[in-house]
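Here is a short report on one protein model. Look at the sequence and the structure first, then read on.

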Amino acid sequence: MPPLPAGCRETADDFRLIRFPHSQRGLDTAVKVLLIGDIVGKPGKKLVLRALRELRMREQIDLVVANAENAAGGSGLTPKIYRELIAAGVDCITMGDHIYRRREIDEVLQTEPNIVKPANFPDQAPGRNWTTVTAANGREVAVFSLLGRLFMRPVDCPWTRADQVLKEIPDDVPIRLLDFHAEATSEKQLMGRYLDGRVSAVLGTHTHVATADETILPGGTAFQSDVGMTGPFYSIIGRDIQRVTYTTLTFRPTFFQVAKEDVRIGATLVEIDPETGRATGIRRIVVRQSEVEAFEQAESTPALTSPKQDAV
Ligand SMILES: [Fe+2]
Ligand SMILES: [Fe+2]
């Protein structure tokens, strides 16, 4: 078989890191930042709690950002789930249009330094517009999110608000990550191009469906229209298929329960040069529940040793 052109994949599962020669410093100095896509309900949260420690080690991840707008029963976030995610190894949390579904999260948004609201929400809305968090290798990383305007609720202009946030972030923090929470791929692509060279990554969330367009733009910004969902894939974007079908066919309202089966983590890993803030690699990551179960089983099985061999 002839070799594939550069950048092509041999199989759907062969998610090799796309590398671009922006950095001359070598990959060992790069900062690895993971964005976990919208965590949906208890199934999504539980898999993150079970898998993140191993995933961090396996991929040598320096910083984990997670979108948790759907973590509480499929909509919103509670202080308890916030604390569980942070304890499991999430360093920073972004949200989206469901941010205020649980009122009790307001205090967390106002007091905790590692969670942000969409920066183009009104100034009176609880939460900070951007934050900085320290990666495992000591590097500071600025994180902010914005809501799109196409097919979304009316919000302030994401473009001018992005400019404003970037002015506020200190110049000595070149690593900057934007979670662009939006519906339309066209709007997301435009944000990637608009901020190319000014942020390390523009990664989309909200649709719960990962796109296969991960790339590094000419200015050094890693881009993907949508990172996808962390939750049950046997579903309609995380919700029970029968419930959604019933309401769609009959127009009768029903509560869309979070589905349960085929739970996966959908995430994207970005490698960033810490001196320039430019991305040097981007890769989609999917972790299936079955993988986590296999790992847990292997970890709980004691290693077999032979006393005779040891004696020799
Ligand atoms: Fe959303
Ligand atoms: Fe969502």
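Helix 7 covers residues 289-300, twelve residues in total. Helices here are DSSP runs of H or I with at least four residues, strands are runs of E with at least two, and both are numbered from the N terminus. The expected span of a helix is 1.5 Å times one less than its number of residues. For helix 7 that gives 16 Å, and its end C-alpha atoms are 16 Å apart, so the two agree.

This is a predicted model: local features need pLDDT of at least 70, side-chain atom pairs count only at pLDDT 80 or more, and totals for chains, interfaces and linings use all residues. Residues are numbered from 1 along each chain as its sequence is written, while chains are lettered from A and ligands numbered from 1 in the order in which they are written.

A residue is buried if 20 or more other C-beta atoms, placed from the backbone, lie within 10 Å of its own; it is exposed at 12 or fewer and partly exposed in between. In helix 7, one of the twelve residues is buried, so the helix lies largely in the open.

Ile 237 is buried because it has 20 C-beta neighbours inside 10 Å. Phe 251 has 7 other C-beta atoms within 10 Å, so it is exposed.
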